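Here's a quick walk through a ligand site and a helix pair. Have the viewer open as you read.

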Amino acid sequence: RAAAVARRSYATKVASFTGQKNDKGHYTVPIIEGDGIGPEISEAVKEIYRAAKVPIDWLPVDVTPRLINGKTSIPSETIEAINKHKIALKGPLATPVGKGHVSLNLTLRRTFNLFANVRPCKSIKGYKTPYDNVDTVLIRENTEGEYSGIEHTVVPGVVQSIKLITRGASERVCRYAFEHARNTGKSKVLVVHKATVMKLGDGLFLEAALAVAKDYPDISVHTELIDNTCLKMVTDPSPYQEYVMVMPNLYGDIMSDLCSGLIGGLGLTPSGNMGVETSIFEAVHGSAPDIAGKGVANPTALLLSSVMMLQHMGLSSHADKIENAVLTTLASGPENITRDLRGSASTKHFTEQVISRL
Ligand code: NAD
C-alpha cells in the first residue's frame with residue numbers, strides 16, 4: 001500500500017512516453033550530470049541503477065553553453081539526443097548571478113518546450129519533522145511569467161523586468177493539472193495566484209484555469225492568493241493533500257522550496273519537467289557549491305526524480321523497488337542519512353545502504 005500511495009505522489013502520468021528500446025532491450029537515457037554536487041549525486045544514481053539491474057543505458061550529454069546568433073544555446077548533439085530518446089535525467093546547473101549566459105535550465109525548458117513542472121513533496125516516514133503529513137503536488141508553469149527573460153534598462157537606475165502571461169501557456173499548464181488530478185485520483189485543483197494585484201497577468205492565468213475547469217466536471221476547482229497559501233501551508237499542510245496545485249512560474253518555484261522545507265529540505269524533493277513529447281527529470285535543488293566535492297551531498301532528490309522518470313517510462317516495478325529502498329534507508333537512523341538531514345553518512349555510505357535494501 002505504501003508503494004501505491006507513493007506511486008500516486010510521484011506519478012507524472014499525463015504526457016505519454018514514446019521512447020524506443022535499443023537492440024539490447026534497454027532504454028537509452030541521456031544524463032546531464034551538472035555542476036557542483038551534480039557529478040557526485042549522478043554517480044550515486046548510476047551505482048544504484050546498476051545494482052538494481054534497471055534496463056537503462058546512460059548517455060552522458062554536454063550542455064556547455066554556446067552563443068548562437070546572440071542567443072544562449074546548448075550543443076546540437078545534445079538537443080538531438082534528448083529529442084531522439086524523448087527523456088533525460090539532469091543534475092543541477094549553476095547560473096551566474098546578474099550577468100553572463102542565460103540560465104541553462106531556462107534554455108532547456110524552452111528548447112524542449114517543457115511546459116509543466118511537476119513537483120511532488122511528501123513527508124518521509126521515519127524522518128521526524130514538525131509535520132509528518134505533508135503530501136503536496138504542485139504544478140508550476142514552466143515557460144513564461146517572470147522567467148521570460150525580457151528585461152531592459154529604461155534609463156540608468158530604472159529597469160523593467162516583464163512578467164509575460166499568455167492564455168495559451170496558462171491553459172496548457174492548467175489542463176495538465178486537471179489531467180494529473182484525474183489520473184492520480186485527486187478530486188480538487190487549487191489555482192494559486194495574485195490577481196488582486198496583477199489583475200491582467202494573473203487575472204488571465206486565473207481566467208484560463210476557470211475556463212479549462214469547465215471541461216472537468218468531475219474535478220472541483222478552487223482558488224487562493226499565493227500569500228494566503230504560504231501562510232496556511234506552514235500553519236497546517238494537511239488540507240493541501242487533497243489538491244493538485246497549479247500556479248504561475250515564480251510562485252511555483254518559491255512555493256515548492258517552502259514545501260521542501262516542511263519535509264526536511266531540498267535534498268529530498270524531486271521534479272519532472274514535462275513537455276508534449278520530451279521530459280526532463282531533475283531535483284528541485286541547485287548545485288550546492290558550499291558542499292560540492294566533499295562527498296556529503298544527499299542524492300535522494302535526484303533518485304526520487306529518477307523514480308518519477310521510471311514511472312513515466314512505464315518501468316513501475318523498478319521505480320517501486322528503488323523508491324522503497326531509498327525511503328527505508330531514510331528511515332533507518334542518523335548514521336545512514338546525510339548531514340543536511342542531521343545525519344552523519346557520506347554520499348557513498350548512503351548509496352551503499354540503499355543498494356543493501358534493493
Ligand atoms: P542550492 O539548492 O544549490 O543550495 C541551497 C542549500 O541547500 C545549500 O546549503 C546546499 O548545500 C543545500 N543543498 C541543496 N541540495 C542539497 C543536497 N542534494 N544535499 C545536501 N544539501 C543540499 O541553491 P543555491 O545555493 O541558491 O544555488 C546554487 C546554484 O544552483 C546557483 O547557481 C543556482 O542558479 C543553481 N540552481 C540550479 C537549479 C537547477 O539546476 N534546476 C535549481 C536551483 C538553483
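A polar backbone atom of Gly286 sits 2.7 Å from an oxygen atom of the ligand. That's a polar contact, meaning a pair of N or O atoms within 3.5 Å.

| Residue | Its atom | Ligand atom | Distance |
|---|---|---|---|
| Lys90 | polar side-chain atom | oxygen | 3.1 Å |
| His285 | polar side-chain atom | nitrogen | 3.2 Å |

On its own the ligand exposes 810 Å², and the protein buries 69% of that (Shrake-Rupley areas, 1.4 Å probe). This is a predicted model, with local features needing pLDDT of at least 70 and side-chain atom pairs pLDDT 80 or more, while totals for chains, interfaces and linings use all residues. Numbering starts from 1 along each chain as its sequence is written, and side-chain values use heavy atoms, without hydrogens and water.

Around the ligand there are 20 residues (a heavy atom within 4 Å). Leu93, Gly286, Ala288, Asp290 and Asn298 come nearest. By class, the shell holds 10 nonpolar, six polar and four charged residues.

Now the helices. α7 (residues 226-235) and α8 (residues 249-263) pack at about 5°, axes 11 Å apart, so they're roughly parallel (under 35 degrees). Residues making the contact (heavy atoms within 4.5 Å) include Met233 of α7 and Leu258 of α8. The contact's residues split into nine nonpolar, one polar and no charged.

Conventions
Polar contact = N/O pair within 3.5 Å; in protein donor to acceptor, adjacent residues only side chain to side chain. Nonpolar A, V, L, I, M, F, W, Y, C, P; charged D, E, K, R; others polar. Axes fitted to C-alpha atoms, helices over the stretch in contact; angles between N-to-C directions. Helix = DSSP H or I, 4+ residues; strand = E, 2+ residues; numbered from the N terminus. Parallel < 35°, antiparallel > 145°, perpendicular 65-115°, else oblique.
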